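User: Hi! Could you walk me through the sheets in this protein? I'm new to reading structures.
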Amino acid sequence: MLYPWSTIVVKFFLPQVTQRIAQSTTKEFLLIMKTGKIISGILGLLSAATQFSSGQSSEKPNIIIIYADDLGYGDVSCYGATSVKTPNIDRLASQGLRFTNAHCTSATSTPSRYSLLTGEYAWRKEGTGILPGDASAIIKPGRVTIASVMKDAGYKTGVVGKWHLGLGPEGGPDWNGEIRPGPLDIGFDYCFLIPATGDRVPCVFVENRRVAGLDPTDPITVNYKEKTGDWPTGKENPELLKMHPSHGHDMTIVNGISRIGYMTGGKSALWVDEDIADVITAQAIKFIVENKTRPFFLYFATHDIHVPRTPNKRFVGKSGMGPRGDAILEFDWSVGEIMRAVEKLNLDQRTIILVTSDNGPVVDDGYKDQAVELLGSHKPAGPLRGGKYSAFDGGTRVIFIARWKEKIKEGISDALFSQIDLMASFAALCGNNLPDGAGPDSFNNLEVLIGKSKTSREWLVEQSASGRLSVIRGDWKFIEPGPGVKIQSNTNTETGNDPLPQLYNLKTDIGEKNNLAPENKFIVNELTELLKKIRENKMAN
């Protein structure tokens, strides 16, 4: 049985609210679901159930990281988009600090997330490429993470949304039993996860150590090597699809969409793609509400705007750019709901909200959703070259907005900043240093993050999908030479691969059009040597 959104809310949320609320307001709650006032309804019920006071007694600020998926530098209006409007993100930017030179560490999902949580460049560790949905946990128990640092500082810690860092022991998780290791073993007190990605099986949520809503008489089987069971596939049964693949993505069909990987079972636990944003946004708000009287750290990683792009019907057709544009609107809505929850609970002056993305944009990433045909004049990467998967800045320069009312002054910062620095910066915010050996590549850039300084780290490293490394120092960006195709044909992405060294002056050439390596061999040699030292771990924090 596939649960509609309202039933999911009642099944998974209300049991954790007081019995009085569960019994006396269920009808009202379902009515609110039907009228579309989903999150405000949850807030109202939870507020009534716990009789909240206003504000916190602790001096430590709450921290919320809202981590978009595949959102481009040019995909939001406060960064220059005109074809799509993102009023909630714009409001956050107007009330905080908007960074124009902030970067994730990699042009793909798993390594960026690994670096964000561990403070270590993913290319230093084997097995941190894009993971299949049945991968084992790549961050092992005992590893110091941004979550464990915050937990040790007295924070309640939670992760909601996309994980994509593996679960379980070597060989992968037991989807029908207790799932460990996982986020609870590396510093998180609570988790509600999309285990991998929306386009990878299993298409279920994991809450703490169990698949949410699983019927034990209908066990889940997952296989990434060969078909398992008799569920139809996109390759064998294209007539059953409501969204067709453009490349790959032709394995097990769930909710009318064929995925990467094969699965059977777990019908009662399967998500409905159109409801994913509602479900995880509600879970994120639930975590905020439940922890409003103490400092909390929330890592909220959305599915939007990753494929398959299946926004809720409230957003369908609203952007004029098809599902990709509608998914941008849905992401903006999620940001707005988090903001409104924080404000409703009188926590806005005690909460740092960060909005950023795991990597740059991609238009056709595996499904025929008219993203290319309806793109029009919109430029997902803005003025940048390349996108997701690329060594060019379109793959790794991302939106980055920080708001802490009355603490972070409104404005724009062009300081060089990397997501990998959040771990050391948050430790410093709590008055702590990282333990020896922890976060080896994370620098304390708290003063830059809160807008008190523009003197940031001198350099940072970016990683493309092919493993090509780049280093930025000052105005210069050096892309190391190496083999590989220059255009990734499936996604029509410029990879940045070149057998010759590339050197760009990002101050005068943000679009990386003019390779200045031939006439600047001294700078090329300097940056080559710098990258070598970083690789050899001689330039750590």
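Predicted model: local features only at pLDDT ≥ 70, side-chain atom pairs only at ≥ 80, totals over all residues.

User: Great! What is the order of the strands in the open sheet of 10 strands?
Analyst: The order is E7-E6-E5-E4-E12-E1-E13-E14-E2-E15, and the pairing is mixed.

User: And which strands stand at the edges there?
Analyst: Those are strand E7 (210-211) and strand E15 (411-413). Each has a single partner strand, so one side of each is left without a neighbour in the sheet.

User: Let's zoom in on E14. How many bridges does E14 form with strand E2?
Analyst: Three bridges pair strand E2 (residues 97-99) with strand E14 (residues 400-403), in the antiparallel sense. Within that pairing, Arg98 has Ile401 as its bridge partner, and Phe99 stands opposite Phe400.

User: What about E13 and E14, how many bridges join them?
Analyst: Four bridges, and these two strands also run antiparallel. Here Ile353 stands opposite Arg403 of E14.

User: Which way do the residues of E14 point, and are they buried or exposed?
Analyst: Phe400 and Ala402 point one way, while Ile401 and Arg403 point the other way. All of them are buried. In a regular strand, side chains alternate between the two faces of the sheet.

User: Nice. Which strands does helix H9 lie across?
Analyst: Helix H9 (residues 322-344) lies across strand E1 (62-68), strand E12 (296-301), strand E13 (351-357) and E14. The helix runs at about 170 degrees to E1. Helix H10 (residues 422-429) packs on this sheet too, touching E1, E12, E13 and E14. The direction of H10 makes about 165 degrees with that of E1.

User: Switching topics: how many strands form the open sheet that starts with E17?
Analyst: Four, in the order E17-E18-E19-E22, with antiparallel pairing. Strand E17 (459-463) and strand E22 (502-505) are at the edges with a single partner strand each, so one side of each is left without a neighbour in the sheet. On average, neighbouring strands of this sheet are turned by 20 degrees against each other, direction ignored.

User: How many bridges join E18 to E19?
Analyst: Four bridges link strand E18 (residues 469-473) and strand E19 (residues 476-479), which run antiparallel. Ile472 stands opposite Lys477 in E19.

User: Last one: which strands does helix H12 touch?
Analyst: Helix H12 (residues 521-535) packs on the sheet and touches E17, E18, E19 and E22. Its direction makes about 115 degrees with that of E18.

Methods
Residues numbered from 1 in each chain as written. Heavy atoms only, no water. Pairing = 2+ DSSP bridges. Axes fitted to C-alpha atoms, helices over the stretch in contact; angles between N-to-C directions. Contact = heavy atoms within 4.5 Å. Buried < 20%, exposed > 50% of the residue type's maximum accessible area, 1.4 Å probe, protein only.
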